Amino acid sequence: MKRILVLLMCVLITLSGCTQNSKDVIDHADEVTQTEKADKKIEGEITVSLLDEMEFVDIAAEKFMDKYPNTNINVETFRETEFIETTDGAVMSVAPTEEFSTESYLQQLNTKIMSGKAADVIFTNPLPMIKYREMGVFEDLTDYIDEKGIDEENYFMNIINLGKSEKGQFEMPLSVYFDIISFDKELVDDSGIKPNENLKSISYSDALKIAIDLVDNTNRDNTYLSIGRAYEVAYQLVEENLEDFIDFDKKKSYFDKKEFIDILEYAKKLDQEGYFDKGTIDFYNMEYHFAYDIDFPSQAAAFTLYDDSISYQSMPICNKNGKVMARMGSAFGINSQSENKDLAWEFIYFLMSEEVQSMPSFYTTGINKGSFDASAGRYAEMMNSDEFSFEISDYKNLLRTWYEQVDVNRFADYNLSNIIYEEMYNYFEDVCTAEEASKNIQDRVDKYFNE
Amino acid sequence: MNNNNLESVRKLRKNKTAYLMLSASLLGFLFFYIIPYFISMFYAFVDNPLSKSFVGLINYRDLFNNKYFLRGLKNTIIFMCISIPLNMIISLGLAMICNKIKVFSKYLNLVFLIPLAIPSATTAFFWKQVFSLNGFLNKFLGIFNFEAVDWLNSKYSMYIMVFIFLWKNIGYNMILFIAGLNNIPKSYYECAQLEGASRWQQFRIVTLTYLVPTFFLVFIMTFINSFKVFKEIYILTGDNPHENIYILQHFMNNMFMSLNYPKLVSSISILITVIVSLIIVMFIFEGRVSKNLSE
């Protein structure tokens with residue numbers, strides 16, 4: 001027995017010794033790489049892992065290989081988007097089957113990461129990044145960003161910084177999602193109630209107060225707060241006060257606070273008092289009004305600038321500290337076990353370039369300021385017509401102003417936002433009480449952090 | 001070569017075919033279970049599956065300070081303590097009834113075996129229709145003005161888990177008990193009757209005593225099958241079930257999904273140690289009892 005124990009200890013000590021040595025070798029290799037970065041060649045082969053098909057990544061890979069003939073970029077897509085045509089000719093995407101669920105993708109990715117065979121560049125949006133960062137799955141991009149001299153002059157650094165965390169920058173967002181809120185102009189004209197004209201952004205709770213006043217002070221029929229539902233109101237209020245409910249550094253949550261229960265009950269009270277439509281509106285044959293509307297920036301800018309716009313004072317939603325909240329769009333990270341990190345970074349850097357971000361297949365406005373005008377202009381032209389029109393330069397300026405205001409990440413982790421959304425939904429569907437919902441969220445978020 | 005060795009060689013030659021056939025399964029077990037298990041044990045002693053720095057027994061210490069691991073362990077133990085004895089008692093009762101019934105007994109056996117043949121996904125779908133908020137059970141109870149309950153997400157969820165487990169596994173144990181009952185010679189009962197033993201005494205002294213080897217087999221099979229209920233529960237409630245039905249496999253599955261291999265492997269090793277120790281103890285005990293019975 002003693003012999004077995006001694007042998008076991010020897011094996012463990014040897015293994016730990018080997019690990020330490022290999023780490024030293026990697027550290028040393030990193031130093032060498034740093035000094036050689038200036039004259040490195042762009043060559044080799046990498047794989048890019050995507051959950052869903054992304055046309056711009058495929059095209060960018062082709063362009064990159066044309067530009068650097070000694071490279072090979074393999075784009076691996078977990079699931080292809082399937083479309084069906086409905087009887088009235090509309091085309092709809094089909095929900096993925098169990099085999100191609102996000103969970104299946106994560107299981108496959110985890111197995112590959114553990115066997116050291118994961119892709120070099122990984123699309124990070126669907127990943128539980130809090131956990132992945134803890135496990136060191138991704139490479140810190142800070143040095144790469146500094147080395148390329150990526151700065152405010154050419155990029156929206158405020159958006160790039162959304163990928164930063166306490167321990168470094170492990171994700172590079174290529175675009176951004178955030179909400180623009182606007183008020184119904186006719187309701188504002190009726191009552192004279194309006195937000196401060198100097199406001200550049202507004203917290204959701206302030207916007208909600210104005211919207212309630214707008215609904216209360218009109219004689220128009222079919223007037224409601226928004227097209228959304230009560231649980232969406234509660235969700236917005238939670239996001240606005242997120243710092244009160246989650247301490248990401250200490251991995252603690254405080255959803256059992258009275259303030260959280262108050263938010264739930266307040267939103268439900270609004271619902272009970274008739275501030276939300278219960279499916280009575282006939283959108284084609286009825287006059288109706290929503291006191292506020294939340295839209296994505298490129299569309300909101302167009303609706304704001306139309307000659308006979310019904311939107312009044314559109315602006316981004318900020319948190320209670322006045323910081324505009326946003327979510328990263330199409331973010332990528334480098335696998336820390338990649339054998340060709342430099343090439344992986346070069347490819348990500350290429351995805352950030354004006355060349356890629358101004359491609360029509362990129363669809364949205366990205367982080368590259370050089371491509372911003374081209375992308376925004378393309379969308380503006382699409383939204384412009386003889387009936388509804390605006391000055392394209394005004395559109396670009398308005399959109400740029402909003403983009404420059406982006407400041408903080410909304411939920412850093414999709415799993416967390418899903419937990420909160422699910423449990424709040426249960427409360428509004430009368431599946432549980434506010435106290436039970438609060439307890440369930442508290443327990444699930446705590447478990448997610450500390451399991 | 002002494003006589004003992006010669007005897008061993010002779011036995012080996014005689015059972016050559018048996019050993020050859022067993023070796024295939026043994027190799028499979030070795031390569032797909034034992035070796036990967038010991039290789040993965042490495043992760044129990046490192047801080048992180050990627051940096052792999054040696055941390056000794058810290059993962060085990062952390063595990064026993066982790067309230068979710070302890071919750072999973074507690075619920076697993078509660079589930080086993082309720083479901084295993086209940087399963088054994090009910091299946092023994094059903095086996096005795098089936099043994100007494102002369103007509104349609106085969107069909108009755110078949111009815112109890114059907115759940116074993118139904119795939120987990122179908123089973124889960126069925127139970128979801130029964131126990132969901134808008135499910136059949138609530139609709140039925142609604143007739144008597146009972147308020148709807150989200151059964152799988154309530155304090156009753158543990159009972160639901162036990163019920164699903166019993167529904168799925170009773171048939172299998174029942175068949176084992178029927179086989180065990182049929183192995184007890186009729187003459188023992190006749191002898192007991194002649195001695196004036198009551199039905200209860202016959203059951204206690206003859207049936208239970210001679211079913212001991214079957215009890216061990218049923219216990220071990222039920223114990224192993226009790227871990228398999230996770231599949232249905234996971235399909236029904238996902239990775240974040242009600243705290244009453246959060247069992248060890250939930251913890252392990254979530255650790256896998258978040259790449260926390262050190263915690264995953266540490267908890268697996270604890271679980272395996274408990275399972276193997278229990279089974280070894282059971283086998284030793286069963287061996288002794290069987291020996292006493294044969295004497």
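Is the crossing in which α12(A) passes α16(A) left-handed or right-handed? The crossing of α12(A) past α16(A) is right-handed. The model is a predicted one, and the points below are grouped by topic.

**Helix pair in chain A**

- Helix α12 of chain A spans residues 297–305, and helix α16 of chain A spans residues 392–405; their axes come within 10 Å and cross at roughly 130 degrees.
- That angle makes α12(A) oblique to α16(A), because angles from 65 to 115 degrees count as roughly perpendicular and those over 145 as roughly antiparallel.
- On the α12(A) side, the residues that meet α16(A) are A:Pro297, A:Ser298, A:Ala301, A:Ala302, A:Thr304 and A:Leu305.
- Their counterparts in α16(A) are A:Asp394, A:Tyr395, A:Leu398, A:Leu399 and A:Trp402.
- Sorted by class, the residues in this contact of α12(A) with α16(A) are eight nonpolar, two polar and one charged.

**Contact between chains B and A**

- Chain B places 22 residues in contact with 22 residues of chain A.
- Helix α12 of chain B (residues 248–257) gives four residues to the side of chain B that touches chain A, the largest share.
- That side of chain B has twelve nonpolar, seven polar and three charged residues.

**Domains of chain B**

- Four residues of domain 1 of chain B and five residues of domain 2 of chain B make up the contact.
- On the domain 1 side of chain B, the residues that touch domain 2 are three nonpolar, one polar and no charged.

**Record annotations on chain B**

- An unreviewed UniProt entry carries the annotation "domain: ABC transmembrane type-1" over residues 73–283 of chain B.
- In the model, residues 73–283 of chain B are 79% helix and 0% strand, with the end C-alpha atoms 24 Å apart.
- The feature "transmembrane region" is placed by UniProt (unreviewed entry) at residues 20–46, 77–95, 107–127, 156–182, 203–224 and 264–285 of chain B.
- Residues 156–182 of chain B are 96% helix and 0% strand, and the end C-alpha atoms of this span lie 38 Å apart.
- For residues 203–224 of chain B the figures are 95% helix and 0% strand, with 27 Å between the end C-alpha atoms.

Terms used
Residues are numbered from 1 along each chain as its sequence is written. Chains are lettered from A and ligands numbered from 1 in the order in which they are written. This is a predicted model: local features need pLDDT of at least 70, side-chain atom pairs count only at pLDDT 80 or more; totals for chains, interfaces and linings use all residues. Axes are lines fitted to C-alpha atoms, for helices over the stretch in contact, and angles run from 0 to 180 degrees between N-to-C directions. Helices (H or I, at least four residues) and strands (E, at least two) are DSSP runs, numbered from the N terminus. Angles under 35 degrees count as roughly parallel, over 145 as roughly antiparallel, 65 to 115 as roughly perpendicular and the rest as oblique. A crossing is left-handed if the near helix is turned anticlockwise from the far one by less than a right angle, and right-handed if clockwise. Two residues are in contact if their C-beta atoms, placed from the backbone, lie within 7 Å. Ala, Val, Leu, Ile, Met, Phe, Trp, Tyr, Cys and Pro count as nonpolar, Asp, Glu, Lys and Arg as charged, and the others, Gly among them, as polar. UniProt positions are given in the numbering used here, feature names are shortened, and annotations may be inferred rather than shown by experiment.
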